[in-house]
Amino acid sequence: MRLNEDPAAFEAFYRRHVDAVLKFVARRVSDPHLAADLTADIFLAVLDSAHTYVPGRGSEIAWLYGVARNVVSAQHRKAAREARATGRVAGRRLMDDDDLVRMEERIDAERRMRSALEAMAELPEGERAVLELVAIDQLTVAEAAAALGIRQVTARVRLHRARKTLETVASPAAVYVEGQA
Amino acid sequence: MSNFEERLLSALKEEITTRTAEDRMTTTVTPDQRGSRRRRFVGLSAAAAGVAAAATAAVVVLNGVAGAPAYAVTKSTDGSVSVQINAFTDPEGLEAELADAGVKAVVDYLPEGQICKSPRGQQGSASGKFSTSLTKEANGISFKIEEGQVPAGETLVLAVSKSKDGDDKAPFAMSLEIVKGAVADCEVTAVPQPPADGRGGDGAPESGLDSKTDGEDTGPSLNQQTQ
């Protein structure tokens, strides 16, 4: 079974995770149109990257978040904008007014997480990535490590360092939305 | 019920169907350099203008089944030759029609899952500007050969792995190349499995995210004309 060849398998995967992906995006952008685009882009990237997913080796969600992170990264957004111009699946065109309202509500609900993310902006990229997935997206350390393609012990060390840094700097409460460490 | 999530799902499933069909159409084209060839095919199909209006000669060969023409070879005033294949029967007849239109061709139709081992000879000189466009019709295929694309001494080599559902059904796979000089006989081989997605690559999720190049690849889809 391959996600990118079997529409039924893909549909099952999509239904399992579309909510998590919408949340993931809503935690990171505040523009509902962009959020719709990124959601579509993430699932397109899932199709593109389906060959890197080995069922049973690491959790599905970890793999998906690894893909999602890349899509949402600033560097990718630029490329995606160009790709959209050539007319692949464009998320924002699939939204009607009701969807727009719902998307705004989602984004609003994640406001606290977005400010927590902003508080992490100063951290070194490697540390921030781990903390983000654990504290914000509620992955386990093992899943975060898998999503980032790093070893668990590395993830643990980075997480520890990141928390320590934030502690000494500002300690925004949201960062302690206790990730399962 | 229709909302963003459902509409997105439909759009994505459509994308899967498109990509799968596209992979089938291009996957067997010179497997050793699939990447570049694939791009060429896909990129140029965007320019597929269809059969030129000013056709001077049209040859239609009737296939016994239901009276539908098995194939049509049309030479336009601009020198291009349009080929439409509705049923994968009578390869020799198609070769003859193509020869009449000035294109030397070797055509092989094989059962589903089988294809000729590629390449069949030295690559044609026009490879750099190979602009044969390929359109997947409802069931058959059509393509257009621009003037000079298959010059004297070169041969258009077409191999089709037919559908097990019938000669007039959408083919399982096909390969199209232009060979300079002698063309090797068809050495039957299994249609290579698309390596996951025809792109290869492995490793961490990051490395899998090659959607930038994919974006270009899948942009003007080969199958846009199909439903």
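At what angle do helix H2 and helix H3 of chain A pack?

**View 1. Helices H2 and H3 of chain A, packed together.** This is a predicted model. Here H2 (residues 32-49) and H3 (residues 60-72) pack at an angle of about 125°, and their axes lie 9 Å apart. Angles over 145 degrees would count as roughly antiparallel and 65 to 115 as roughly perpendicular, so H2(A) and H3(A) end up oblique to each other. As for handedness, H2(A) makes a right-handed crossing with H3(A).

**View 2. A look at the residues where H2(A) and H3(A) meet.** On the H2(A) side you'll find Leu38(A), Asp41(A), Ile42(A), Ala45(A), Val46(A) and Ser49(A). Facing them from H3(A) are Leu64(A), Val67(A), Ala68(A), Asn70(A), Val71(A) and Val72(A). Sort the residues of this contact by type and you get 9 nonpolar, 2 polar and 1 charged. A handy thing to keep in mind while looking: an α-helix has 3.6 residues a turn, so residues three or four places apart point the same way.

**View 3. Helix H8 of chain A, largely enclosed.** H8 covers residues 141-148, and because 6 of its 8 residues are buried, the rest of the structure largely encloses it. The buried ones are Glu143(A), Ala144(A), Ala145(A), Ala146(A), Ala147(A) and Leu148(A). Step just past the end of H8(A) and you reach Gly149(A), with a positive phi of about 65°.

**View 4. Over to chain B, with its helices and strands.** Chain B has 5 helices and 11 strands. It is 227 residues long, and 43% of them count as buried. Take the contacts in chain B between residues at least 6 apart in sequence: 67% of these join residues at least 24 apart.

How values were computed: Residues numbered from 1 in each chain as written. Chains lettered and ligands numbered in written order. Predicted model: local features only at pLDDT ≥ 70, side-chain atom pairs only at ≥ 80, totals over all residues. Axes fitted to C-alpha atoms, helices over the stretch in contact; angles between N-to-C directions. Helix = DSSP H or I, 4+ residues; strand = E, 2+ residues; numbered from the N terminus. Parallel < 35°, antiparallel > 145°, perpendicular 65-115°, else oblique. Left-handed = near helix turned anticlockwise from the far one by under 90°. Contact = placed C-beta atoms within 7 Å. Nonpolar A, V, L, I, M, F, W, Y, C, P; charged D, E, K, R; others polar. Buried ≥ 20, exposed ≤ 12 C-beta atoms within 10 Å, placed from the backbone.
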